[in-house]
Amino acid sequence: MSRVYNFSAGPAVLPEEVLKEVADEMMDYRGCGMSVMEMSHRSKMFDDIIKEAEKDLRELMHIPDNYKVLFLQGGASQQFAMIPMNLMKNRVADYIVTGQWAKKAWQEAQKYGKANKIASSEDKTFSYIPDCSDLPVSEDADYVYICENNTIYGTKYKELPNTKGKILVSDVSSCFLSEPIDVTKYGLVYGGVQKNIGPAGMVIAIIREDLITEDVLPGTPTMLTYKTHADAGSLYNTPNCFCIYVCGKVFKWLKKMGGLEAMKERNEKKAAILYDFLDQSEMFHGTVEKKDRSLMNVPFVTGDKELDAKFVKESQEAGFENLKGHRTVGGMRASIYNAMPMEGVEALVAFMKKFEEENR
């Protein structure tokens, strides 16, 4: 069978080159006679895998020495609780709610202290990023929290908020490694890897060392304390070995592609192909304010639910998978992560043009 163009929001498309390497090593990793899925996480061989993965990630993101890289389980959703448990010393935090995941994080934080919603774009179905240049940041807030790229709604912060000196915590799940970031601007930056980096089942958290302490909220479980994992080099318990291994291969692929500067340029070109078509189409329309458009997730609609359903059905028959939009937005959504080839976006636009001609 031939490969489809997979526009899934996550778990999502992975580089074919990486998938082939993984397939080649599935039965026998580098002559050890077994798969990475079968080897001990305490073995020298796996120790080399996790250390090399961290080294490559540090090089890609220019992560300073005073930040720890943690490979954790529980996905991004577990971070919604782990962050306040570890960082909410004053039991106060500020949240900017620009989508479903930021909203869930804000709701979860309310279990541990006072979580203030200091800005939101819910009034227009999260179709824009609010002005964050002069927010009412709480004097006693322990941190300001954002979700930097909103997978469902297709918005992206082009400038980080002015946190007025407070620690910035950011969920970058759906834009992770799509472009360079300045890690020093964050106290904690994290993301689930299943959208842009690897298989589902893991989150990577990059945390400034001074934030990793034993001073956590009373009752915080051992497994939900950052210090537990930082002290053990992400090996306190059996980690997601296979996921770390695949992510490591994706890091190598990114370096080979020219690093994050090259990926940003490539992603901008890919997104422009789709956005340029949406801007001139008489049938299809983007749902996001232009200035806040994501390079990774592109929602669009026809304005007619029956026509949307017809498009999704026919696009699937033509080899374009997972284009149905999230129920809160409707219509369609194309997630065009790092591993989506340029030809995939070009083929989608060609199909959209044909569909528009045939359904005028």
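Biologist: Where does Lys 195 lie?

Modeller: Lys 195 sits in the loop between strand S9 (188-192) and strand S10 (203-208). Strands here are DSSP runs of at least two residues (E), helices runs of at least four (H or I), both numbered from the N terminus. This is a predicted model, where local features need pLDDT of at least 70, side-chain atom pairs count only at pLDDT 80 or more, and totals for chains, interfaces and linings use all residues. Residues are numbered from 1 along each chain as its sequence is written, and side-chain values use heavy atoms, leaving out hydrogens and water.

Biologist: What does UniProt annotate at Lys 195?

Modeller: The unreviewed entry gives "modified residue: N6-(pyridoxal phosphate)lysine" for Lys 195. Such annotations may be inferred rather than shown by experiment; positions follow the numbering used here, and feature names are shortened.

Biologist: Why is Lys 195 called buried?

Modeller: Its relative accessible area is 11%. Buried means under 20%, exposed over 50%, partly exposed in between (1.4 Å probe, protein chains only). So Lys 195 counts as buried.

Biologist: Which residues is Lys 195 in contact with, leaving aside neighbours within four places in sequence?

Modeller: Ala 9, Gly 10, Ala 12, Thr 151, Ser 173, Ser 174 and Tyr 337. Contact means heavy atoms within 4.5 Å. The backbone oxygen of Ala 9 is 3.4 Å from a polar atom of the Lys 195 side chain.

Biologist: Why is Arg 42 called exposed?

Modeller: Arg 42 has a relative accessible area of 52%. The cut-off is over 50%, so Arg 42 is exposed. UniProt lists Arg 42 under "binding site", again in an unreviewed entry. Arg 42 lies in the loop between helix H1 (16-25) and H2. Beyond residues up to four places away in sequence, Arg 42 touches Leu 235 and Tyr 236.

Biologist: What covers the buried residues of H2?

Modeller: The cover includes strand S2 (67-72), S10, helix H6 (241-256) and helix H7 (259-280). Among the buried residues of H2 are Phe 46, Ile 49 and Ile 50. H2 lies across S2 and S10, at about 130° to S2. Angles run from 0 to 180 degrees between N-to-C directions, with axes fitted to C-alpha atoms, for helices over the stretch in contact.

Biologist: Why does the span of H7 agree with its 22 residues?

Modeller: The expected span is 1.5 Å times one less than the number of residues. For H7 that gives 32 Å, and its end C-alpha atoms are 32 Å apart, so the two agree.

Biologist: Which strands form the open sheet with mixed pairing, and in what order?

Modeller: The order of its 7 strands is S2-S10-S9-S8-S5-S3-S4. Its edge strands are S2 and strand S4 (114-120), each pairing on one side only. Two strands pair if DSSP finds at least two bridges between them. Strand S3 (residues 92-97) and S4 run parallel, joined by 6 bridges. There, Ile 96 stands opposite Ala 119 in S4.

Biologist: Why are S11 and S14 said to stand at the edges?

Modeller: The 3 strands of this open sheet run in the order S11-S12-S14, with antiparallel pairing. S11 and S14 each have a single partner strand, so one side of each is left without a neighbour in the sheet. H7 packs on this sheet, touching S11, S12 and S14, and its direction makes about 20° with that of S12.

Biologist: How many bridges pair S11 and S12?

Modeller: The two pair over 2 bridges, in the antiparallel sense. Gly 286 has Phe 300 in S12 as its bridge partner.

Methods. Polar contact = N/O pair within 3.5 Å; in protein donor to acceptor, adjacent residues only side chain to side chain.
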